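Have a look at it first.

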Amino acid sequence: MHNALLSLRTFLPVIAFLTGFIWDALTIGRHVGLVDLFILAGYLACAAGMLWWLGYRHHLQREAGRLERIPYLALQFLFGGLFSALFIFYIKSASHVLALLWTLGLAVLLIANEFIEDRYRRFTLTWTMFGLCAILLFNFLLPFILGSIHFFWFYLSTLAGALLVYGLRWITPGRPGRIGPVWLIAAMLALAYPLDVIPPVPLVKRDMQVGLELKTADGDYQLLIDSASPLDFWRLFEDTVHLSAGQRLYCVSSVFAPRGLNTRLYHRWQYYDVDRGWVDTERIGFDLQGGRGGGFRGYTYKQNVTAGPWRVSVETEYGRTVAIHKFDVVIDDVPHPRQVIRIP
């Protein structure tokens, strides 16, 4: 019995981590709502209060006996909840290599949080983790509330998160630890944003397809696409598009945006040249209004497409990448198995 209890105690953090992450994925992962963001803001406020209290206790050099571990467990729980939700927010908006690498960094912090409870006794590390959570949450919350993805709000929210940490440490008795790493993180994010490393939250790709003969039926888009080969059983759709010379090729995108967000997105059509790499052909815009649960849709088309590798990027008006779809074009008049898909 004693051994069973020890085993349960060993795996309890793992069980708690997996349970919390699965719950976040099933709830937040379906739809990003204002309530979710306010709950996370509550987590951040609780972590701020806990940090102040720990600074106050440290300043007075008091010991709490058996209760000494509880505040650090609470911080670990709060940071875990924040990192879990932030990872889900950002992974939904990450669709190219640099953005995915950035988001995987959040996954590493999410997992590492389960093993560094004792490290939170070092105030510099605690301020750093709190500052990163504050900045990333503000990056998401401010555009969500204001209904704008203008780059100004990213820089303002980054500064606001860093100033929150500075102000909290300023009023904490004894001002323990250092917050230099928080300013460093803010500077790195400011530099990474124009390089398109940061996913364009709160925009989230729902669907993106390339095909022929676009139609509308019952409010849905219908697109004719090539069926996947039986040998490629793991694919739902083929990545190759067969079309006749001069035939129109359509790209349809569905993007979630929070209610009240009105912006303009663009399809950047590019083909691959062996000598020059990816070469732009057109950048065509379409309007987006937020609030539709299934995502708001837009489409563009291109005629006289040449054979070879192509890709279409969905971009914001400020050049941030929302999604990328790669495919190969084959020009021929040979009949190929095709199917109609619906994009709601």
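## The chain overall

A contact here means heavy atoms within 4.5 Å. Take the contacts in the protein chain with a separation of 6 or more: 74% of them come from residues 24 or more positions apart. Keep in mind that this is a predicted model.

The chain has seven helices and ten strands. Of its 344 residues, 45% count as buried. The protein chain exposes about 17700 Å², with carbon and sulfur atoms supplying 63% of that.

## Helix 5 against helix 6

How do helix 5 and helix 6 cross? Their axes come within 8 Å, at an angle of roughly 140 degrees, for helix 5 (residues 123–146) and helix 6 (residues 151–171). That angle makes helix 5 oblique to helix 6, since only angles over 145 count as roughly antiparallel. The crossing of helix 5 past helix 6 is right-handed.

On the helix 5 side, the contact residues include Trp127, Phe130, Ile135 and Phe138. Helix 6 brings in, among them, Trp153, Phe154, Leu164 and Arg169. By type, the residues of this contact split into 15 nonpolar, five polar and one charged.

## A look at Ser313

Ser313 sits in strand 8 (residues 308–316). Is Ser313 buried or exposed? Ser313 has a relative accessible area of 4%, so this residue is buried.

Beyond its neighbours within four places in sequence, Ser313 is in contact with Met208, Tyr266, His267, Arg268, Gln270, Ala323 and Ile324. Ala323 lies ten residues from Ser313 along the chain, and their C-alpha atoms are 5.7 Å apart.

Terms used
Residues are numbered from 1 along each chain as its sequence is written. This is a predicted model: local features need pLDDT of at least 70, side-chain atom pairs count only at pLDDT 80 or more; totals for chains, interfaces and linings use all residues. Side-chain values use heavy atoms; hydrogens and water are left out. Helices (H or I, at least four residues) and strands (E, at least two) are DSSP runs, numbered from the N terminus. Buried means under 20% relative accessible area, exposed over 50%, partly exposed in between (1.4 Å probe, protein chains only). Accessible areas come from the Shrake-Rupley method with a 1.4 Å probe; for residues, only the protein chains shown count as cover. Axes are lines fitted to C-alpha atoms, for helices over the stretch in contact, and angles run from 0 to 180 degrees between N-to-C directions. Angles under 35 degrees count as roughly parallel, over 145 as roughly antiparallel, 65 to 115 as roughly perpendicular and the rest as oblique. A crossing is left-handed if the near helix is turned anticlockwise from the far one by less than a right angle, and right-handed if clockwise. Ala, Val, Leu, Ile, Met, Phe, Trp, Tyr, Cys and Pro count as nonpolar, Asp, Glu, Lys and Arg as charged, and the others, Gly among them, as polar.
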